[in-house]
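Have the sequence and the 3D view ready.

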Amino acid sequence: MLELYKQVFESSYDGVAIRDADGYGIAINKAACRITSYPEAEFVGGNIKDALKKGIINDSITLAVIKHKKPVTKVMHIRGSDVLITGSPIKNEKGQVTHVVLIIRDIAELNKLKIDQILSLALKMKHHHKDNMKIHEEIPVYSDIIAKSPEFRKILAICAKIAQVDTTILIHGESGTGKEVLLNFIHRLSKRANEPLIKVNCAAIPPNLLESELFGYEKGAFTGADSRGKPGLFEQANGGTIFLDEIGDMPLDLQVKLLRVLQEFEITRIGGRKSIRVNVRVVSATNKNLEQLVNEGRFRQDLFYRLNIIPITIPPLRERVEDIAPLAYHFLQKTNKKYGLTKRFGDDTIQLFEDYKWPGNIREMENLIERLVVTIDHDDIQWSDLPFLHSPENPHQRTLKKTLQDLEKKIILEKLREFKTTRKTAEVLGISQSSLVKKLQRLK
């Protein structure tokens, strides 16, 4: 049984220490040593009066308990750390104090717990209760595509219809909204599903090389050209689909040649004389306003009309709040599997995800979750791990800070009305009286 007591003593997360009636240290657990930076060898056998003389502590709970023969709680400063200590007396049959048991807690950790509780309360006031696991386990309507929001489901329904015909499609949306995911969905449901799907980023290829990439070239067409010539991406996509991403960045002179392809479905290689027939479906995408570019003379109007036969606009993630939770769990599961980890979202993390504006959309979320999974040391991804909460320029941070301040003010005033004095209120809140006074001044 003695061994069991020792194990319980050492396994306590809170610090526990024992002194006798003369103020000598009897025992101290590892948690207390960690919180107070007080080595066991110095505590055991050391006297409380010596610690006071040396300035290791600024007050003595032990002496107060021995004097008053009842529990005493105080905030103390020990070797640079503020700690909350509760001392309780152990008495003999005659009512005399023989030992004092000290329970020690880190004020910084207590404050973090209070912030967590305040944040949790704030979020519960803003959101309906959600069962995260049920959200995670819901099966999306469209196989491997996450689509819980009505807006995105409607888009998928339209894409499922137009996938069966070869009409030209223009997908518009902010960067990272999932334009390529939509392309893959359309191609997979089309009659061309077993044929090539060629993807071209018009912004990533230098303008002087883009024409040869798209339409190919004959041997000897220019210095450095392959002596055998080279088929272009349109030829490689023959029978299938070609995706022209960032179409708004295509040079004007090349837009003329693309227009001819869309009208005649023929291409001519650089340096070539004969036309080559191609059978391709063209899907293009942009994050720019093409109509505005047309008005500015930076995009051909006739090409715009050719590309814009079936326009599809993907709303940004901030307008598809219902998709945020299932997407987050999807990326968490994917990243855990990739690295063999078992990270999970802590309380209220998903609600904060839903409040955030996601300027980088789905791509930003996927990258953020992967970074969190591989960098944090603990298993639960907490609200305090989220980088967007710590940016003072972020409007979300200002909103969260204001919410926390309002709740903190409400809680403090309620406790102050209940306990009347700042001393008692501070004790109940687990902070020092001076800290409470400063908070009252700050909160006005």
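Start with helix H10 (residues 207-215) and helix H12 (residues 252-264), whose axes come within 11 Å and cross at roughly 15 degrees. Helices here are DSSP runs of H or I with at least four residues, strands are E runs of at least two, and both are numbered from the N terminus. The axes are lines fitted to C-alpha atoms over the stretch in contact, with angles running from 0 to 180 degrees between N-to-C directions. H10 and H12 are therefore roughly parallel to each other (angles under 35 degrees count as such).

Before going on, note that this is a predicted model: local features need pLDDT of at least 70, side-chain atom pairs count only at pLDDT 80 or more, and totals for chains, interfaces and linings use all residues. Residues are numbered from 1 along each chain as its sequence is written, and side-chain values use heavy atoms, leaving out hydrogens and water.

So who meets whom? From H10 come Leu210, Glu211, Leu214 and Phe215, and they meet Leu254, Lys257, Leu258 and Val261 in H12 (contact means heavy atoms within 4.5 Å).

Now hop over to Asp385, in the loop between strand E16 (380-381) and helix H18 (395-419). Is Asp385 buried or exposed? With 19% relative accessibility, Asp385 counts as buried (under 20% relative accessible area, using a 1.4 Å probe and protein chains only). The Asp385 side chain also reaches the backbone nitrogen of Gln382 at 2.8 Å. Setting aside neighbours within four places in sequence, Asp385 is in contact with Leu372, Ile376, His378 and Asp380.

Key. Angles under 35 degrees count as roughly parallel, over 145 as roughly antiparallel, 65 to 115 as roughly perpendicular and the rest as oblique. Buried means under 20% relative accessible area, exposed over 50%, partly exposed in between (1.4 Å probe, protein chains only). A polar contact is a pair of N or O atoms within 3.5 Å; within protein, one must be able to donate a hydrogen and the other to accept it, and residues adjacent in sequence count only if both atoms are side-chain atoms.
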